[in-house]
Amino acid sequence: MTPVWPAGRLPALSADQMREVDRLMVEELRIDLLQMMENAGRSLAELVLARFAPSSVTVLAGAGGNGGGGLAAARHLANRGTGVAVVLSRPEDLTSVPAHQADILDRMGVPVSPEPRPADLVVDALVGYGLRGDPRGRTAELIGWANGQRSPVVSLDNPSGLDATTGRAGDPCIQATATLTLALLKRGLLAAAEVGELYLADISVPPWLYDRVGVPRPPAFGSGGVVRLAR
């Protein structure tokens with residue numbers, strides 16, 4: 001059973017503070033983005049299976065680190081026997097982490113399609129906390145497609161289109177059934193209806209590192225790497 005914490009017990013980060021956490025992880029601890037997104041993807045797959053138990057999943061993945069986490073989740077889901085299909089929002093712009101994960105999926109034979117297909121569940125890994133302005137182009141189209149599905153949608157880190165600091169919903173914005181945020185709660189998720197059920201995953205950030213960005217140390221995750229947050 002997933003532990004439940006009141007969200008009010010946790011400090012909450014701005015997007016800028018989370019960028020600094022990521023920088024410290026990479027530059028000082030040598031825990032790189034590939035490792036963090038692997039942790040994120042594994043946790044996302046475990047949540048999807050435990051909470052929704054879908055037979056089929058469509059993963060919508062962006063070109064940055066958030067997309068890399070979604071692609072890692074696709075691999076873990078496929079390894080557990082779930083039928084997985086992947087859509088890349090901007091395949092020509094993949095950065096190193098999602099490109100690495102996409103190469104693994106290709107070698108595994110997991111289909112990457114230009115168009116999304118209906119499934120028991122949709123994973124939204126299009127845009128993370130680095131969103132600036134409203135989603136545009138293919139990303140916006142895929143958000144619209146996801147919101148038109150009857151299936152549950154699970155977002156990685158924050159619903160694509162939602163400002164992780166202010167909670168402002170862009171046009172368009174994913175209407176998530178559940179959101180698995182990473183490392184620590186983001187301020188904008190606290191009151192946003194677009195978040196749905198809110199979960200938090202450990203991506204191996206040492207608690208003392210938060211002191212460096214002026215945030216009180218959060219409670220330990222304890223026996224599990226994912227907790228549910230009651231808002």
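Predicted model: local features only at pLDDT ≥ 70, side-chain atom pairs only at ≥ 80, totals over all residues.
Local features need pLDDT of at least 70, side-chain atom pairs count only at pLDDT 80 or more, and totals for chains, interfaces and linings use all residues. Residues are numbered from 1 along each chain as its sequence is written, and side-chain values use heavy atoms, with hydrogens and water left out.

Eight strands form an open sheet. Helices (H or I, at least four residues) and strands (E, at least two) are DSSP runs, numbered from the N terminus. The strand order is β1-β8-β7-β6-β5-β4-β2-β3, and the pairing is mixed. Two strands pair if DSSP finds at least two bridges between them. In general, strands of a sheet pair through backbone hydrogen bonds, either parallel or antiparallel. The edge strands of this sheet are β1 (4-6) and β3, each of which pairs on one side only. From one strand to the next, the twist averages 25°. Strands β2 and β3 run parallel and are joined by six bridges. Here V57 stands opposite V84 in β3.

Helix α2 (residues 33-51) packs on the sheet. Contact means heavy atoms within 4.5 Å. Helix α2 touches β2, β4, β5, β6 (178-182), β7 (197-201) and β8 (226-230). The direction of α2 makes about 155° with that of β6. Axes are lines fitted to C-alpha atoms, for helices over the stretch in contact, and angles run from 0 to 180 degrees between N-to-C directions.

The buried residues of α5 are T139, A140, L142, I143, W145 and A146. Buried means under 20% relative accessible area, exposed over 50%, and partly exposed in between (1.4 Å probe, protein chains only). These buried residues pack against β2 (56-61), β3 (83-88), β4 (121-125) and β5 (153-156).

Helices also pack on one another. Helix α3 (residues 65-79) and helix α4 (residues 96-108) pack at an angle of about 25°, with their axes 8 Å apart. The two are therefore roughly parallel to each other. Angles under 35 degrees count as roughly parallel, over 145 as roughly antiparallel, 65 to 115 as roughly perpendicular and the rest as oblique. The crossing of α3 and α4 is left-handed. A crossing is left-handed if the near helix is turned anticlockwise from the far one by less than a right angle, and right-handed if clockwise. Residues of α3 including L71, A74 and A78 meet residues of α4, among them V97, I104 and L105. By class, this contact has 10 nonpolar, four polar and one charged residues. Ala, Val, Leu, Ile, Met, Phe, Trp, Tyr, Cys and Pro count as nonpolar, Asp, Glu, Lys and Arg as charged, and the others, Gly among them, as polar.

Helix α4 packs with α2 as well, at an angle of about 55° and with the axes 9 Å apart. That makes α2 oblique to α4. The crossing of α2 and α4 is right-handed. L33, L34, M37 and E38 of α2 make the contact with V97, H100 and Q101 of α4.

D171 and P172 are joined by a cis peptide bond, with omega about 5°. P172 is found in the loop between β5 and β6. D157 has its place in the loop between β5 and β6. Although not a glycine, D157 has a positive phi of about 75°. D157 counts as buried, at 5% relative accessibility. A183 is found in the loop between β6 and β7. A183 has a positive phi of about 75° although it is not a glycine. With a relative accessible area of 3%, A183 is buried.
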